[in-house]
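Hello,

Here is the structure you were waiting for. My notes follow below it.

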Amino acid sequence: MTRLEAKFRAGLVAAFSFGFIAATVVFYLLPEAPHGRFSRAVRTEDGFTIIGLLVFAIFCVFSLIALFSAIRASLGLPAISYDGRVLREYVVPFRRIPVSEIEHIEVQSNEVYLQMRNGNKRTVNARLIKDHETFFNRIILD
């Protein structure tokens, strides 16, 4: 049984991660706006409002996901792996797909469409994956 792996595009993932973390830090450190229509919607002199906390929480979640991907990319761990039976994705959303359930694979430049035997169609985000065309062309379907 052969094991196939597709790695992350390390530079792109690092830039993506840095951008999300920088945006989170900037959002946290910026002071409240003195005037404007939405000047007190996100932050007051007492701190974040409920809307501000919600936006900050969303920034934090995306930053953690991006940081997780950047750490995987820097360690050389795979973005997608295939062991002959199961296709594992380590890109959001994290999934395990048995190859026996896949009927057809359609590879495009930024996405890969998996046509399942039950009629569903799943999409794999391939923007952050290096050489995904070769990886998916080497998968042998049942």
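Helices (H or I, at least four residues) and strands (E, at least two) are DSSP runs, numbered from the N terminus. Read in that way, the protein chain follows the pattern β-α-β-β-α-β-β-β-β-β-β-α along its sequence. That gives three helices and nine strands.

Two notes on the source. This is a predicted model, where local features need pLDDT of at least 70, side-chain atom pairs count only at pLDDT 80 or more, and totals for chains, interfaces and linings use all residues. Residues are numbered from 1 along each chain as its sequence is written, and side-chain values use heavy atoms, with hydrogens and water left out.

Overall shape

The radius of gyration of the protein chain is 20 Å, well over the 14 Å that the globule rule gives for 142 residues, so the chain is more spread out than a compact globule. (The radius is taken over C-alpha atoms; the rule is 2.2 Å times the number of residues to the power 0.38.) Along the principal axes, the C-alpha atoms fill a box of roughly 65 × 35 × 20 Å. Of the 142 residues, 31% count as buried. Buried means under 20% relative accessible area, exposed over 50%, and partly exposed in between (1.4 Å probe, protein chains only).

The nonpolar patch

Ile-21, Val-25, Tyr-28, Leu-29, Leu-64, Leu-67, Ile-71, Leu-75 and Leu-77 form a nonpolar patch on the surface. Together they have about 840 Å² of accessible area. Helix H1 (10-29) and helix H2 (50-74) are the elements that give two or more residues to the patch. H1 gives the most, with four residues.

The terms: patches are made of residues with over 30% relative accessible area and no salt bridge, with like charges joined within 9 Å and nonpolar side chains (Val, Leu, Ile, Met, Phe, Trp, Tyr) within 5 Å. A salt bridge is a side-chain nitrogen of Lys or Arg within 4 Å of a carboxyl oxygen of Asp or Glu. Areas come from the Shrake-Rupley method with a 1.4 Å probe; for residues, only the protein chains shown count as cover.

Leu-64 lies in helix H2. Leu-64 is exposed, at 58% relative accessible area. Ser-63 is also in helix H2. Is Ser-63 buried or exposed? Ser-63 counts as buried, at 8% relative accessibility. Ser-63 touches Phe-20, Ile-21 and Thr-24, leaving out residues up to four places away in sequence. Contact means heavy atoms within 4.5 Å.

Best wishes
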